[in-house]
Amino acid sequence: MEREIKDSDGITWTCIQAFSGLSNTSKAQDAAEVEGEPDTYWVVCTPSGGAQSVRLKLQGKWEEEYSDEALLKEIRTQQ
């Protein structure tokens with residue numbers, strides 16, 4: 001569950017659901033879920049440049065349902 005987006009400054013952000021490296025997909029999904037908030041997941045976005053990574057709280061199938069603009073807005077909010 002990885003997604004790359006490019007912002008207007010030419011920085012490529014790689015966003016990945018937290019704990020997605022676990023071999024068991026259902027365990028990874030459970031591990032990344034925000035406690036007490038159903039269908040909400042922790043996602044870490046790392047920039048290609050010198051900016052700092054950000055941790056986002058996103059809902060649903062964020063990798064498919066969020067537009068590039070919506071993800072970039074979430075990233076800017078957390079910077």
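Which residue forms a salt bridge with Glu37? I looked it up: the partner is Lys57, with the closest N and O atoms 3.1 Å apart. My criterion for a salt bridge was a side-chain nitrogen of Lys or Arg within 4 Å of a carboxyl oxygen of Asp or Glu.

I noted the sources. This is a predicted model, where local features need pLDDT of at least 70 and side-chain atom pairs count only at pLDDT 80 or more, while totals for chains, interfaces and linings use all residues. Residues are numbered from 1 along each chain as its sequence is written, and side-chain values use heavy atoms, leaving out hydrogens and water.

Next I placed the pair. Helices (H or I, at least four residues) and strands (E, at least two) are DSSP runs, numbered from the N terminus. Glu37 sits in the loop between helix H1 (25-32) and strand S3 (40-47), and Lys57 in strand S4 (residues 54-59), so the pair ties together parts 20 residues apart in sequence.

I checked accessibility. Buried means under 20% relative accessible area, exposed over 50%, partly exposed in between (1.4 Å probe, protein chains only). Glu37 is partly exposed at 31%, and Lys57 is partly exposed at 39%.

I counted two salt bridges by this rule. Arg3 pairs with Asp68, closest N and O atoms 2.6 Å apart. Arg3 is in strand S1 (residues 2-6) and Asp68 in helix H3 (residues 68-78), 65 residues apart. Arg3 is buried at 14%; Asp68 is partly exposed at 35%.

Last, I read the confidence. pLDDT is the predictor's confidence in each residue, from 0 to 100. The chain averages 85.
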